[in-house]
Amino acid sequence: MSSSKQIKVGAFLSYFSIGVNILSGLLYTPWMVNQIGQSNYGLYTLAHSLISLLLVDFGLSSATARYLSKYNAEGDKRKAENFLGAVYKLYMLVDAVIFIALIVIFFRIDSIYESLTPDELSKFKVVYIISALFSVINFPFVTFNGILTAYEKFIPLKTADVIYRVFLVLFTVIALLLGYGLYALVAVHAAVGLIIIVFKFIVIKRTVPLKVNFRFKEKGLYKDIFGFSLWTTISALAQRLVFNITPTILGMVANAAEIAVFGVVTTIEAYAYTITAAINGMFLPKISRIMSGEDKESNLTPLLIRVGKFQYGLNGLIIAGFAVVGKSFINLWMGPEYIDAYYGILLVLVPGIFFNSLQIANTTMVVTKKVNLMAVVNVITGVTNICLSYPLSKMYGVIGACSSIAAAYMLRAIVLLIIYNKVLPVNIGAFIKQCYIKMSVPIILTIGAGIGLNMIFGDDGWLALIIRGIVVVGVYGVVAFIIGFNKSEKTAMISKAKGLIKKFI
């Protein structure tokens, strides 16, 4: 199957998986918490968050995708096999260190979590053991995602995501209906995870023509991988200085109610980012081929604009839709005491639209080994947020915290645009004109129409909210088609629509 078709089908499967995830988050999670109890769910969440802190992959998964894409584009199978041998040995070394750390933590659980009751500590230890064992087993197989991405096997990669989401909900529901509780919930996560590992292994074994060379030893390659991974790790850790640290800051200067409101902001922002980032990484092999050939700018700039317009437009629909119906949604879903989340969500979504539309440029930085620059930008973003978050949160609570994140994210977008203009073979001026300026008009017009719509329908419940949402999507789609896209893009979209209609008929 062609690279283009792999990307298209993979994108569809990715969005389907995201839909399942969002629906399960909004509908299934409250039911599941009710089945096992708030205390048990808290123990599960605690174990998961603790282990997640230790399972930073130190950039090795990104390194796998980057180097294998490069070697595949160059047609060098031997280097790819040598690289896999080196990276697997690194993974196993890191996994051994993590395993030792998890053992040490297990024997310190009683002193770390003194506030838990003896019964809760007993349950937590069992949950911890199951989660930790699965995490240690799963860690070396994180490379599977990089291998599938590098060889453009997006359909099986995204199919695995769909299987994971569906099986997780299905098996958990069955286990809880049969009367099993907390331990079944954790065991199901581990069992489904193992199924996915086996699925990916079979796909790679059958479709990727590589054999891992564990005998390969070369200090230069290890040094190269370490240099790449170090900056990727710094970047990942710096990103935690934004959303991950904000609840702690709110806990220092505000109260539990403000933290709860911020939790709603985090949930919706995560859903929005997941939707717009569904195709991230899929273009890495294609960009590797472009950067290995001639006429880099003439090939890379159109791709940056085409994908950027799609992601900016999708972000724009989310922002316009939430601006119009978001307040009613928060009020109906969580209650009027969470209404500040509406303003906080808009604050963090707006600057994110500029970063999310730069994914082709972000991926190109990975391909060209300029991740050090991205790491520096992420550190600046994190430090800016910390410096602003404390005083703003103290004065304005969750709105202040979200304002801090918005300012930090906007600074990130501006600095990245300057850097990309200097170090990448792309026309950033053309990108800003075609993407940011042209695609912003439909967003503004849709929000204006939505304000009038709110005056007509009011806030009379879920039905009125759904009607307004459908109207907003329709208005945005028409306006974006007329104003946002040029003649050739419109022709291509109409042609594809006709093809889909014929296939459907």
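A salt bridge here is a side-chain nitrogen of Lys or Arg within 4 Å of a carboxyl oxygen of Asp or Glu. By that rule, this structure has 3 salt bridges.

A word on the source. This is a predicted model: local features need pLDDT of at least 70, side-chain atom pairs count only at pLDDT 80 or more, and totals for chains, interfaces and linings use all residues. Residues are numbered from 1 along each chain as its sequence is written, and side-chain values use heavy atoms, with hydrogens and water left out.

Let's start with Asp110. It pairs with Lys125, and their closest N and O atoms are 3.1 Å apart. Asp110 sits in helix H5 (residues 109-112) and Lys125 in helix H6 (residues 118-138), so this bridge ties together parts 15 residues apart in sequence. Helices here are DSSP runs (H or I, at least four residues), numbered from the N terminus. Asp110 is partly exposed at 42% relative accessibility. Lys125 is partly exposed too, at 24%. The cut-offs: buried is under 20% relative accessible area, exposed is over 50%, and partly exposed is in between (1.4 Å probe, protein chains only).

Next, helix H6 again. Asp119 and Lys123 are 4 residues apart in it, about one helical turn. Their side chains meet at 3.7 Å, N to O. Asp119 is partly exposed at 47%, and Lys123 is partly exposed at 26%.

Last, helix H8 (residues 154-177). Lys158 and Asp161 are 3 residues apart there, again about one helical turn. Their salt bridge spans 4.0 Å, N to O. Asp161 is partly exposed at 28%.

Conventions
Helix = DSSP H or I, 4+ residues; strand = E, 2+ residues; numbered from the N terminus.
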